[in-house]
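This briefing is arranged by topic for a reader who has the sequence and coordinates at hand. Please read it alongside the structure shown here.

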Amino acid sequence: MLNRVTLVGRLTRDLELRNSVNGKPFVAFTVAVNSSFNDQVAFIPCFAWNKVAENMARYLKKGSLIALDGRIQTRTDNNNGQQMTIVQVVADSVSFLDSRNTNSTTNVDSIPTPNNVDFDNITFGENQQSTPNPQNDNDEPISFDGDDAILWD
């Protein structure tokens, strides 16, 4: 089976490089992707690890236009007896589509930000008894305290 996704969109906030409990650098971010057939915006929760994460945090900011290639990662969570599937994208590579030498004409204040995401409460590497932990490429457990994911019943 093939699990690949390519997205082109803008970052909804400035990136913060963090380290997991095992010392692996990562960034958690959301990409705002415009729909080509209607005027809706989809907010896609994403993660990048290691060198990709370091480069993103160094060169990108809110409103930066990017293209990412990655894979969809899912996990199930039991929230008060209700089973939910949480979907996110793990970025394997990211292309910076804004030129460094030109001033972006994008008004970053006009880029929508999902209002239900608490980026400051996302934790990595902590084992939670009630939540199965997905694994990243380094077989490091990932758990979440925030709502940085797409939920389906």
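**Salt bridges**

Arginine 75 and aspartate 77 form a salt bridge, with their closest N and O atoms 3.9 Å apart. The model is predicted. Both partners are buried: arginine 75 has a relative accessible area of 9%, and aspartate 77 has one of 15%.

- Salt bridges with shared partners join Arg4, Asp69, Arg71 and Asp92 into one network.
- In total, seven salt bridges are counted.
- One of them links aspartate 69 to arginine 4, where the closest N and O atoms are 2.7 Å apart.
- Because aspartate 69 belongs to strand β5 and arginine 4 to the segment before β1 (5-11), this pair ties together parts that are 65 residues apart in sequence.
- Aspartate 69 is partly exposed, at a relative accessible area of 27%, and arginine 4 is also partly exposed, at 40% relative accessibility.
- Arginine 18 and glutamate 16 meet through their side chains in a salt bridge with an N to O distance of 3.6 Å.
- Glutamate 16 has a relative accessible area of 43% and is therefore partly exposed.

**Overall architecture**

- The protein contains one helix and seven strands.
- Read from the N terminus, the order of the elements is β-β-β-β-α-β-β-β.
- Of the 153 residues in the protein, 40% are buried.
- Where contacts join residues at least 6 apart in sequence, 63% of them are between residues at least 24 apart.
- The protein has an accessible surface of about 9,000 Å², and carbon and sulfur atoms account for 44% of that area.

**Strand pairing**

- Strands β5 (residues 65-79) and β6 run antiparallel and are joined by 14 bridges.
- Within this pairing, aspartate 69 has serine 93 as its bridge partner in β6; aspartate 69 is also the residue that forms a salt bridge with arginine 4.
- The two strands β5 and β6 form a hairpin with two residues between them.
- Strand β6 (residues 82-96) also pairs with strand β4 (residues 41-49), here in the parallel sense and over three bridges.
- Phenylalanine 47 has valine 90 in β6 as its bridge partner.

**Positive phi angles**

- Most residues other than glycine have a negative phi.
- Asparagine 80, which is not a glycine, has a positive phi of about 55°.
- Asparagine 80 is found in the loop between β5 and β6, and its relative accessibility of 79% makes it exposed.
- Asparagine 50 likewise has a positive phi, near 55°, and is a residue other than glycine.
- Asparagine 50 is placed in helix α1 (residues 50-59) and is partly exposed, at 31% relative accessibility.

**Aromatic pairs**

- How many aromatic pairs does a search of the whole structure find? There are two aromatic pairs.
- Phenylalanine 26 and tryptophan 49 have ring centres 5.4 Å apart and planes at 45°, so this pair is tilted.
- That pair links distant parts of the chain, with phenylalanine 26 in strand β3 (residues 25-34) and tryptophan 49 in strand β4, 23 residues apart.
- Phenylalanine 26 is buried at a relative accessible area of 3%, and tryptophan 49 is buried at 10%.
- Tyrosine 59 and phenylalanine 96 have ring centres 6.2 Å apart and planes at 50°, so this pair is tilted.
- Distant parts of the chain are linked here as well: tyrosine 59 lies in helix α1 and phenylalanine 96 in strand β6, 37 residues apart.
- Tyrosine 59 is partly exposed at 40% relative accessibility, and phenylalanine 96 is partly exposed with a relative accessible area of 35%.

**Aspartate 98 and its surroundings**

- Aspartate 98 is located in the loop between β6 and β7 (150-152), where it is partly exposed with a relative accessible area of 29%.
- Apart from its neighbours within four places in sequence, aspartate 98 is in contact with Arg10, Gly63, Ser64 and Leu65.
- At 2.9 Å, the side chain of aspartate 98 reaches the backbone nitrogen of leucine 65.
- A separation of 9.6 Å lies between the C-alpha atoms of aspartate 98 and glycine 63, which are 35 residues apart along the chain.

Key
Residues numbered from 1 in each chain as written. Predicted model: local features only at pLDDT ≥ 70, side-chain atom pairs only at ≥ 80, totals over all residues. Heavy atoms only, no water. Helix = DSSP H or I, 4+ residues; strand = E, 2+ residues; numbered from the N terminus. Buried < 20%, exposed > 50% of the residue type's maximum accessible area, 1.4 Å probe, protein only. Contact = heavy atoms within 4.5 Å. Areas by Shrake-Rupley, 256 points an atom, 1.4 Å probe, with all protein chains shown as cover. Pairing = 2+ DSSP bridges. Phe/Tyr/Trp six-rings, centres within 6.5 Å; stacked < 30°, edge-to-face > 60°. Polar contact = N/O pair within 3.5 Å; in protein donor to acceptor, adjacent residues only side chain to side chain. Salt bridge = Lys/Arg side-chain N within 4 Å of Asp/Glu carboxyl O.
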